[in-house]
Amino acid sequence: MAAQAPSSNTSTTQMSQQISTKDTYNVSAQVDTKTVLSCYIHQIKNLVMLNWEILLRDTVPCIIAYRKYKNETKETNCSGEGINWESRADWDYELRINPVTIANDGDYKCEFVTPEGNFERLYHLSVVVPPLVNLSNEGDESAVCKAAAGKPAARITWVPEGVCVTSNETHDNRTVTVTSSCSWKSFNGSRATCFISHLTGNSNLSIERQTPGPSTFIFPVVSFFILGCVLNSGVCFFFCKTKDSRGSEPTDN
């Protein structure tokens, strides 16, 4: 996914051509894809030096530099995992991130130096993560729809509408799990559909109410039958024993 900035945002300077002295763009990229950040949308003439400064969460800035007069590149404080030039530094000045990970959330600033002046372009990159969706019954009382580990948080709605409780759990990696639990008694019918809305795409899942099966009733019936037999046997034994005891008593002459 290429995160190219529109040319309409450039500003006019006193130079002979239109050039932006400082541009800022908010862009997004989906996890496990490829994205390309362009340092400049037009050909840069008389380039002297170019730096990409990458500031990620809880890290020191990474610097990827190109010195044209020496035709050399240099990296400082960079892990080297997935971030590099799109082709070659002396061919173009685009930065490639492949694959995109949650750790790539951050600011990417390109600074280039020419005889006419210094210019920069700043990207605020937000990495989006599709949630893992699931819909299940919680016994025969509730239906539970879950959108797990999405970034940003997903939005859950129901058809038909019901009495629902929705909660958000934010994880250490800034993904969010959204859980919505609805009472079956509040639905108008025995079928419900959960709709999950997210920046990476929308989805929906349907479920039928779980009704108690025959086995649910067999155990109580059998239990009561066995209990009845035991009680009847006890009562019969008691009366029979009592009768026998009376029949064996001696008679007075």
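Because the model is predicted, local features are reported at pLDDT of at least 70 and side-chain atom pairs at pLDDT 80 or more, whereas totals for chains, interfaces and linings use all residues. Residues are numbered from 1 along each chain as its sequence is written, and side-chain values use heavy atoms, with hydrogens and water left out.

Secondary structure was assigned from DSSP runs, numbered from the N terminus (helices: H or I, at least four residues; strands: E, at least two). Two strands are taken to pair if DSSP finds at least two bridges between them. On this basis, an open sheet of 6 strands is found in the order β2-β10-β9-β4-β5-β6, and its pairing is mixed. Strands β2 (22-30) and β6 (72-76) form the edges, each pairing on one side only. From one strand to the next, the twist averages 15 degrees; axes are lines fitted to C-alpha atoms, for helices over the stretch in contact, and angles run from 0 to 180 degrees between N-to-C directions. Within the sheet, β9 (residues 106-114) and β10 (residues 117-128) are antiparallel and share 9 bridges. The bridge partner of F112 in β10 is F119.

A disulfide is a covalent bond between the sulfur atoms of two cysteines. With the criterion of a pair of cysteine sulfur atoms within 2.5 Å, the count comes to 4 disulfides. When the bonded cysteines are counted along the chain, the pattern is 1-4, 2-3, 5-8, 6-7. Accessibility is classed as buried under 20% relative accessible area, exposed over 50% and partly exposed in between (1.4 Å probe, protein chains only).

One of the disulfides joins C62 to C78, with an S to S distance of 1.8 Å. This link is right-handed, with 95 degrees about the S-S bond. It connects distant parts of the chain, 16 residues apart: C62 belongs to strand β5 (residues 62-67), and C78 to the loop between β6 and β7 (83-85). C62 is buried at 10% relative accessibility, whereas C78 is partly exposed at 23%.

The sulfur atoms of C145 and C194 are 1.8 Å apart and form another disulfide. Its torsion about the S-S bond is about -60 degrees, so the disulfide is left-handed. Because C145 lies in strand β12 (residues 142-150) and C194 in strand β16 (residues 191-197), the pair ties together parts 49 residues apart in sequence. Both C145 and C194 are buried.

In the disulfide of C164 and C182, the sulfur atoms are 1.9 Å apart. The link is right-handed, with 105 degrees about the S-S bond. It joins strand β14 (residues 164-170), which holds C164, to strand β15 (residues 176-183), which holds C182, across 18 residues. C164 is partly exposed at 28% relative accessibility, while C182 is buried at 0%.

Residue N51 lies in strand β4 (residues 49-56), a member of the sheet described above. N51 is buried, with a relative accessible area of 16%. Its side chain makes a polar contact of 3.2 Å with the side chain of R67. Such a contact is a pair of N or O atoms within 3.5 Å; within protein, one must be able to donate a hydrogen and the other to accept it, and residues adjacent in sequence count only if both atoms are side-chain atoms. With contact defined as heavy atoms within 4.5 Å, and neighbours within four places in sequence left aside, N51 touches I63, I64, A65, Y66, R67, K109, C110 and E111.
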